[in-house]
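Thanks for coming. I will go through one structure, starting with a strand, then a sheet, then a pocket.

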Amino acid sequence: MDLSAAVTIQRPGAAALDINSIREPADIGSSPISGYMIEQVDFSSVGVNAFVEDTPQVDGVDGYDAYLGGRMITLILSVYGNTYTDFWAKMDALNFALQAMPKAADVSVYPALPVDGQRKLSFSQPKVGGGSYSLYMMVRPVAMPRFAINNASVAGMTERGYSQKVTVQLMAEDPYKYFETAQTFSRTGTGTISVVNTGNTVAWPTVTWNLTSSTATSATLGSDTVSHSASATSITDTFKTAVSTSPTTLTGFAFFSVAPGTSSVSVVGQSGQTISITIRESLL
């Protein structure tokens, strides 16, 4: 996470809140300032879940099928206000952004959050060779922001402003850091599609079949194939969750993922039919 750039968290019915709006330590001094600064972030806590069983007549266990669990994220923020009223307004805005199950009365401009309370935490990360990644994780709070009011800092002085350190704890059920923009690769008719994954983890495709005639169609990567019997309608398959908008026509169920690098997906399609493979790359 690049702490010299914006770090925003989605809010219900409002613009995302930049919780790193003060990014230059030199700005903190004798003059009052207003905003948020991330002092420390720890998102390295990702457990590994595995199925285990006892081994007969010996110590230890057998473990297999290991998967990453959720990612725990701890942020230490400094909240600044140039007046006492402004300071508490900043605290209120932070609390509002981190409601467990937020509701929004007016969503005409900005959408409400999903019913499960997950929201987008957006940030950037420097890229090897120059530039940066625009990334996000879907997170939910595991507690309200924690802070102990300190008389010396919050009482403050009008001439110097007001501040308080706050601990924010979040959990990303999906531990991957996703690219902000998805990539789509398409072709018309039978042949191959080169799918390029520039992330460092597997990407799960969403495949859209724009079918126009009653002919079987399929997509194959390695030994895995997803196929549909004769159909003359548009179908969307989400490989990560093995969900199809036309489950009754599914004849092949090996929903594959795309490894980092370039993969060649063989497709069998109808004449004039467009097959689109969309992936959202990610980093660990």
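First, a definition: strands here are DSSP runs of E, at least two residues long, and helices are runs of H or I, at least four residues long, both numbered from the N terminus. This is a predicted model, where local features need pLDDT of at least 70 and side-chain atom pairs count only at pLDDT 80 or more, while totals for chains, interfaces and linings use all residues. Residues are numbered from 1 along each chain as its sequence is written, and side-chain values use heavy atoms, with hydrogens and water left out.

S263 sits in strand β17, residues 261–268. Is S263 buried or exposed? Buried means under 20% relative accessible area, exposed over 50%, and partly exposed in between, with a 1.4 Å probe and protein chains only. S263 counts as buried because its relative accessibility is 12%. Leaving aside residues up to four places away in sequence, S263 touches I193, S194, V195, L221 and V258, contact being heavy atoms within 4.5 Å.

E159 belongs to the loop between α2 (151–155) and β7 (162–172). With a relative accessible area of 56%, E159 is exposed.

Two strands pair if DSSP finds at least two bridges between them. An open sheet of 5 strands runs in the order β9-β18-β11-β14-β15, with antiparallel pairing. Its edge strands, β9 (183–188) and β15 (243–244), each pair on one side only.

Strand β14 (residues 234–238) and β15 are antiparallel and joined by 2 bridges, with T238 opposite V243.

Last, the pocket. On a 1 Å grid over the protein atoms alone, a pocket is an open set of points where a 1.4 Å probe fits, with protein on both sides within 12 Å along at least five of seven lines; lining residues have an atom within 4 Å of a point. Which residues lie nearest the centre of the largest pocket? Of the 18 lining residues, they are D174, Y178, W204, K240 and R280. The elements giving two or more residues to this lining are β6 (132–141) and β18 (274–279).
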